[in-house]
Amino acid sequence: ISESSSSAVQFTSTAALSSSLPAVSSSSMQSSSVAATLPVTSSSASSISPPSSGLIPKPTPKPNQPLTTPTPTVPPTPFIPGPFNCSPPIRGEYLEGSTSLSSSSSYVKLKFFVRDFARRTQISFNFRSFSEQGVLFYVNGNDHVDFLGVELRNGSVHFAFDCGSGKRARMITSKKYNDGQWHNVYIVRYNYFGLLEVDGGEVKTAYASRAFVGITTDGFLYLGRPPDFPPRGLLLNDEKDRGSAVACIEDLTVNLYGIIDLAGSRLVSSNGVGECFKGPVESGAFYNGTGFFSIYDDQQKSKGYWLAGKNFTIDLEFRTSEPNGVLFYLKHGAQPDHVELELINGTLEFTFDNGAGAVHIVWDSGLLCDNQWHRVSVQKALLVGHLTIDGVDTVKDMSDVAGSVGVGSYAPLYFGGVPDGVQKRDGRAATGFRGCMRNVVLGRQTPRSPPDLIPNFYHETAVLKGVHPHACPGN
């Protein structure tokens with residue numbers, strides 16, 4: 001491939017690609033004619049001689065073809081307005097054949113032949129993510145020096161590999177692709193030459209050291225971060241291991257194998273994977289109405305619990321088309337102390353009990369089941385509670401018992417519902433929240449309070465049921 005600092009690389013045919021790749025003797029995996037390593041950027045690369053044979057045909061989807069979202073095969077459910085005139089329901093249908101890496105520890109391990117990565121490799125896949133950082137796929141060498149991997153780095157796509165010399169080739173896009181849209185990644189490695197192409201437009205090339213030309217692998221390909229070792233090849237200097245990218249992946253092709261069935265015979269093991277939504281998505285977590293997410297506060301002396309205390313704030317955004325559902329709930333055992341935010345008949349009610357009687361604060365200035373995002377701020381300061389919707393309307397109330405000022409419950413804080421067996425204080429059945437939630441922040445306003453707590457879906461103590469943690473179906 002002829003390169004310059006001002007021109008992009010374009011493919012017109014397999015022959016054209018073949019005529020531009022570096023020539024390497026097939027009788028030896030080590031080159032003796034190279035005295036220095038070429039730069040890893042494409043700006044100073046020169047023309048190189050062709051290999052003895054061409055690469056295999058480029059897999060589909062072609063990078064110059066726009067990606068499309070499959071049309072749902074299930075006809076939409078007719079919308080019949082209910083007694084509260086809420087919006088049509090959020091569908092939340094899943095995309096067949098896709099895999100969701102749902103946390104930084106998620107991975108899929110696939111078995112391939114060692115020769116699939118030895119001298120030449122072509123890999124194509126589509127991904128969708130809101131993550132700034134994280135591994136999308138990784139191929140590891142037996143000695144942990146040889147490797148081939150792709151990650152998100154500050155939203156850009158980063159491709160790197162090393163043939164065993166310790167001097168890797170690195171390519172990183174100038175654009176960011178963590179926008180929640182589908183993008184196609186296409187990579188080529190031929191001996192010490194590499195190419196990265198995203199969406200058929202942006203192209204980057206680089207060279208590893210010519211001292212070695214083959215990659216000796218363990219024969220496995222990982223979607224996400226490998227579970228048993230860090231992806232050292234993608235880490236620069238003393239960088240911290242960032243784990244897997246939280247992302248959806250589909251249409252993986254490796255060389256001539258066609259689209260790989262990620263749940264088929266090549267699957268060795270997986271962890272923390274799920275399905276991806278059809279159509280457009282938004283950032284946030286989707287609750288399907290059948291479960292909950294529990295958050296624990298390790299900064300409290302009773303590890304594994306959250307203490308509301310005398311003063312606290314809870315801020316969040318939600319979107320739903322359902323008139324009823326628990327947004328959050330806190331109660332410990334038989335104690336009367338509790339905190340709750342719940343949708344009831346399309347309006348919002350904030351309840352707190354310091355131990356001497358519940359205070360109910362109701363916002364009823366309009367229905368909130370309109371499938372639009374609403375910002376909610378809840379505040380309790382001693383005896384007084386505040387409920388603010390969309391930064392404008394605020395209602396407040398206070399306890400008439402001056403002797404009790406704090407919610408003294410060390411307990412899990414549940415979002416989107418409560419587990420079976422947890423009895424709500426008011427005796428009503430807990431209706432699970434069906435909709436989207438995002439930007440949740442918990443805080444306490446005391447002189448020595450810890451910093452705001454942002455719920456972490458991926459914390460070791462977190463419990464999720466019926467929650468899709470990293471994307472919401474588009475509105």
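Predicted model: local features only at pLDDT ≥ 70, side-chain atom pairs only at ≥ 80, totals over all residues.
Residues are numbered from 1 along each chain as its sequence is written, and side-chain values use heavy atoms, without hydrogens and water. Local features need pLDDT of at least 70 and side-chain atom pairs count only at pLDDT 80 or more, while totals for chains, interfaces and linings use all residues.

Salt bridges, then. Side chains of opposite charge can pair when their charged atoms come close. Here a salt bridge means a side-chain nitrogen of Lys or Arg within 4 Å of a carboxyl oxygen of Asp or Glu. The structure holds four.

One of them joins Glu282 and Arg319, with the closest N and O atoms 3.0 Å apart. Glu282 lies in strand β15 and Arg319 in strand β18, so the pair ties together parts 37 residues apart in sequence. Strands are DSSP runs of E, at least two residues, and helices are runs of H or I, at least four, numbered from the N terminus. Arg319 is buried, at 0% relative accessible area; buried means under 20%, exposed over 50%, partly exposed in between, with a 1.4 Å probe and protein chains only.

Next, Glu317 meets Arg375 at 3.7 Å, N to O. Glu317 sits in strand β18 and Arg375 in strand β23, 58 residues apart. Glu317 also bridges to Arg438, at 3.3 Å. Shared partners join Glu317, Arg375 and Arg438 into one network.

Now the backbone. Most residues other than glycine have a negative phi. Asn371 has a positive phi of about 60°, and Asp390 one of about 55°. Asn371 is in the loop between β22 and β23; Asp390 is in the loop between β24 and β25.
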